[in-house]
Amino acid sequence: MTSSTGAAHEPPEGLTPRPAAAAPADRALLEEARRLTPDAIALRRALHRVPELGLDLPATQRLVLEALDGLGLEIRTGRALSSVTAVLTGADDGPTILLRSDMDALPVVEDTGLPFTSRAAGLMHACGHDAHMAMLVGAARLLAGRRDTLAGNVVFMFQPGEEGEHGARYMIEEGVLEASGARADAAFALHVHPNLPAGAVRLRSGPQMAASDRFRVVVRGRGGHASAPHTTCDPVPVACEIVLALQTMVTRSVAADDSAVLSVTRLTAGTAAGVIPDTAELGGTLRTLSEQTRRRLHEALARVAQGVAAAHGTTAEATVTPGYPVTVNDVAFTDLVLSTVTDVLGPEAVARQPAPLMTAEDFSYVLRAVPGALAFVGACSPGRDPHEAPSLHSARLDLDEDVIPAGIACEAAVALAFLAGHTPEDAP
């Protein structure tokens, strides 16, 4: 879960239920998923021991390929990254749904004390991607056992580089959406969340997660001796004033019901206590929930930085590096997920997420291309208060592995429900 360049597109058209067949999802699917739990947990722990960063994940890819072996799937690996794409072809023609898991870890020193702790120095599966892979492999096993009843196809997308490396965009460029021979009609992903009760599923239609962009501002002045600041053009107080001005910019240019978060996370200047530097630099992230607000704040950030700098006789160069787009859940597909997961886990486990999260996800690239949704499944470890449990990206992240069969069943059930009676709305 994170911060990619890509052409801006409007959100995809929605899904319309075909009134014919009823979805075959029920509690029996969960019982079958529970029988897969020992193997799924063993896979999750094996993956947890060998975390890898970015787009090149050879050990992770090998474990995923071994776990999929024997399921009768058409499997291909990536060219520019260590991805795995597996296609399950049903007995009859029909639509195609894509299910995704991310694969990469984070540069975090693990501090959990777990018996299967990371063996890679300075690396950790601190965002739950190890659990995601175990869930998706389990879903592939459930669905492969039902191929004779399927009308359509399922594409299993195992994707490196979610943590800021744009892995989903690379896989789209390499054809993952067309892996079944026809473009995917829908897409679904689950993401564990340690600050939700174990087994709770939350999602919402519309913006589910924010766009995340990085910015950098370099203030250029004229340095000199710290004893005589009047003979210099000190960039340090200018940089500090820009920090405050950027906070005001957000609160005074974005409507209260259109969230945006600007965080300055780095401010650097100087090399010695007695020297006023020539430059000062600040940087951070900007998170927004609409493309219109995103573009407007990109422009405003540069204008404010340059204006404040000019008022003090310095200059400022502002650079914004676009990150992941807004993750937008399709309205009708969200309803399908809510209904299907309620059948599987019970109504007490499922609810609409009240507001978007300001974190970011590169599954957003997939959802800009085809209708679908990303949902969160609670994985707070036993005995902890979800509000106080270590969060995603924490060195102390510890997930409740009992949610793995729930995730397996939910992913399989959503695929079955879609193939049983849902197709994309005809394009205008």
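**View 1. Phe 188, Phe 333 and Phe 418 make up one aromatic cluster.** Keep in mind that this is a predicted model. Phe 188 belongs to strand E6 (residues 186-193) and Phe 333 to helix H8 (residues 331-345), so their pairing ties together parts that are 145 residues apart in sequence. Buried or exposed, these two, Phe 188 and Phe 333? Both are buried.

**View 2. Tyr 324 and Tyr 365 pair up edge-to-face.** Here the rings are 6.0 Å centre to centre, with 75° between the planes. Tyr 324 comes from strand E14 (residues 315-324) and Tyr 365 from helix H9 (residues 363-369), so this pair ties together parts that are 41 residues apart in sequence. Tyr 324 has 0% relative accessibility and so counts as buried. Tyr 365, at 9% relative accessibility, counts as buried too. If you're keeping a tally, the model has 3 aromatic pairs.

**View 3. Helix H3 packs against helix H4.** H3 covers residues 58-68 and H4 residues 129-144; their axes are 10 Å apart, at an angle of about 20°. Angles under 35 degrees count as roughly parallel, and H3 and H4 are therefore roughly parallel to each other. The crossing of H3 past H4 is right-handed. On the H3 side, the contact uses Thr 60, Val 64, Ala 67 and Leu 68, while H4 brings in Met 133, Val 137, Ala 140 and Arg 141. Sorted by class, that contact has 6 nonpolar, 1 polar and 1 charged residues.

**View 4. H4 also crosses helix H10 (residues 404-421).** The axes of H4 and H10 come within 8 Å, and the crossing angle is roughly 50°. That makes H4 oblique to H10. What is the handedness of the crossing of H4 and H10? It's right-handed. From H4, the contact takes Ala 134, Met 135, Leu 136, Gly 138, Ala 139, Leu 142 and Leu 143. H10 answers with Ile 404, Gly 407, Ile 408, Ala 409, Glu 411, Ala 412, Ala 415 and Leu 416. Split by class, the residues of this H4 and H10 contact come out as 12 nonpolar, 2 polar and 1 charged.

Technical notes: Residues are numbered from 1 along each chain as its sequence is written. This is a predicted model: local features need pLDDT of at least 70, side-chain atom pairs count only at pLDDT 80 or more; totals for chains, interfaces and linings use all residues. Side-chain values use heavy atoms; hydrogens and water are left out. Axes are lines fitted to C-alpha atoms, for helices over the stretch in contact, and angles run from 0 to 180 degrees between N-to-C directions. Helices (H or I, at least four residues) and strands (E, at least two) are DSSP runs, numbered from the N terminus. Angles under 35 degrees count as roughly parallel, over 145 as roughly antiparallel, 65 to 115 as roughly perpendicular and the rest as oblique. A crossing is left-handed if the near helix is turned anticlockwise from the far one by less than a right angle, and right-handed if clockwise. Contact means heavy atoms within 4.5 Å. Ala, Val, Leu, Ile, Met, Phe, Trp, Tyr, Cys and Pro count as nonpolar, Asp, Glu, Lys and Arg as charged, and the others, Gly among them, as polar. Rings of Phe, Tyr and Trp (its six-membered ring) pair if their centres lie within 6.5 Å; planes under 30 degrees apart count as stacked, over 60 as edge-to-face and the rest as tilted. Buried means under 20% relative accessible area, exposed over 50%, partly exposed in between (1.4 Å probe, protein chains only).
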